[in-house]
Number of protein chains: 2
Amino acid sequence: MTSIEKHNHDHSLESHKACVSLVPIFKHLDEEQLDEIMAATRSVSFEKGEIIYREGDEADSLYIIHKGKVRIYRLTEAGKEQLVRLLNPGDFTGETALFTDSVHESYAEAMMETKVCVIQRSVLQGFLLKFPSISLKILQEFSNRLNTSETQTTRFSSETVETRIALFLTEQMDQKNDRNIVYLPMSKKDLASYLGTTPETISRKFAELEAKGLIRQKSTRQIEILEVDELLLV
Amino acid sequence: MTSIEKHNHDHSLESHKACVSLVPIFKHLDEEQLDEIMAATRSVSFEKGEIIYREGDEADSLYIIHKGKVRIYRLTEAGKEQLVRLLNPGDFTGETALFTDSVHESYAEAMMETKVCVIQRSVLQGFLLKFPSISLKILQEFSNRLNTSETQTTRFSSETVETRIALFLTEQMDQKNDRNIVYLPMSKKDLASYLGTTPETISRKFAELEAKGLIRQKSTRQIEILEVDELLLV
DNA sequence: CGTTGGCTTGAATGAGGTCAACGGCGGTGG
DNA sequence: CCACCGCCGTTGACCTCATTCAAGCCAACG
């Protein structure tokens, strides 16, 4: 029995339909095609803190987030968590192993009450051949992730922690420019994990950047960027 | 004029056909389909040291290696090279930007005389919709790369250089088990870049591992693994 | 109101990067 | 065929950045 089977399926049809029809990779399909996909998928809910899948689990399904937030992380040899990415509604996961070997290399954990739409590997492959446009959507997503991941690797390989923080902050700024306020999408602890460092170092570096007058910490999750240009020169 | 247009196209039909028909992502197609793809692609050759594309170049083509060897690397903020991967015949590159933005984030450099098969973005997208099975092949490849890249990121984030070397060596061993001899697929300099460290450190760590009796350096590129289990405990 | 978990700060340690010098090897040209 | 050059790899000395360990603070929550 896999971990998802232990959970209550969501039998509400409307909710399930909403789940399927809203996800970006299916959005362009017509009513009839959506029905076909709906029939082959199911909705599953997870509580905060529950593990959706863990390293070593057989990977035979694609999970599309409908509601909530999911943390994808890996463990280093030493057992330390490395945050790989956060998933929001519309994002999907589980795909890596869908096309290759069948074991997950990462962990997926619900950060709050989360609803996901699950598609079996074999079913998905059928859809991909039948509706080639879905492949293009997934290829695009993969492409983005690959780029992000390789950029991250490059940064880890030789940038200082300070530079990584600066790059992270300025990239967040680009996303939605509420003037120069950055809302951290995760806790400082998770940020440390994501940036490949420790909470202590994050704390110190933020303090340093603030002392230099480059940023201002308005609250734990809210950072005002005072000097963008200088920040990038760090 | 992009960099590839500066080069001699390979007008030999047989060679071009060999190029197209041999690549894994097209292998399963029939004669007629191959002809269609051949017509829409072209072969281009590069000398040792030539750059196939560089960071910032418009990315509008997929490159499939037919002959030779290619280094894909990125530059860090500080201008240091980070080796991302090596391409051998049958591998492809240029795809990342094919589905998203249109600018390369990495460099591709021919390490020896190299022949590649080039497909324009728009043409490729057409093929993907027409022959959905190609998408599956590419998805599979992406999936592998993504996994490799995320594994690499995780390792960079907190493993020591020694551990990264040990993991690299044992993984190489798995590939082809000529007893316990590992043939390094690249120079130590490139290996340093790939593992996110410096040639000096690589040199020292190899010497340490040898002193501990875990490995033996038979020649520059040939490493004998003496104690696999201990190596993994480093 | 005590506990838990996130965040901060201090001090000590160490892994690995940098700089510099040198030996070896292969290619090139006289 | 030899001399020279350039690049790779190695080794030593030094130094810096960031992790680790430890302790304390604060806010949220049962």
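This is a predicted model: local features need pLDDT of at least 70, side-chain atom pairs count only at pLDDT 80 or more; totals for chains, interfaces and linings use all residues.
**Entry 1: salt bridges across the interface**

I started with charge pairs, and the rule finds four salt bridges across the interface of chain A and chain B; a salt bridge here is a side-chain nitrogen of Lys or Arg within 4 Å of a carboxyl oxygen of Asp or Glu. Residues are numbered from 1 along each chain as its sequence is written, chains are lettered from A in the order in which they are written, and side-chain values use heavy atoms, with hydrogens and water left out.

I looked up E150(A) and found its side chain in a salt bridge with that of R74(B), at 3.7 Å, N to O. Then I checked E150(B) and R74(A), whose side chains meet in a salt bridge at 3.8 Å, N to O. That pair crosses between chains, from helix α4 of chain B to strand β4 of chain A. My helices (H or I, at least four residues) and strands (E, at least two) are DSSP runs, numbered from the N terminus.

Are these two residues buried or exposed? E150(B) is buried at 8% relative accessible area, and R74(A) counts as buried at 6%. The cut-offs are under 20% relative accessible area for buried and over 50% for exposed, with partly exposed in between (1.4 Å probe, protein chains only).

**Entry 2: the rest of the interface**

I also got 14 residue pairs in polar contact across the interface, both residues at pLDDT 80 or more. A polar contact is a pair of N or O atoms within 3.5 Å; within protein, one must be able to donate a hydrogen and the other to accept it, and residues adjacent in sequence count only if both atoms are side-chain atoms.

**Entry 3: symmetry**

I laid chain A on chain B: the RMSD is 0.1 Å, by a turn of 180° and a shift of 0.0 Å along the axis. The two copies are thus related as by a two-fold rotation axis. Superposition was by least squares on the C-alpha atoms of residues with pLDDT of at least 70 in both.

In α3 of chain A (residues 121–130), I list L124(A), F127(A) and L128(A) as buried. They sit on the same side of α3(A), because they cover an arc of only 100° around the axis, taken from the directions from the helix axis to the C-beta atoms. The face turned away carries the exposed residues S122(A) and K130(A).

L136(A) lies in α4 of chain A and counts as buried at 15% relative accessibility. Leaving out residues up to four places away in sequence, I see L136(A) touching F99(B), Q125(B), L128(B) and L129(B).

Notes: Contact means heavy atoms within 4.5 Å.
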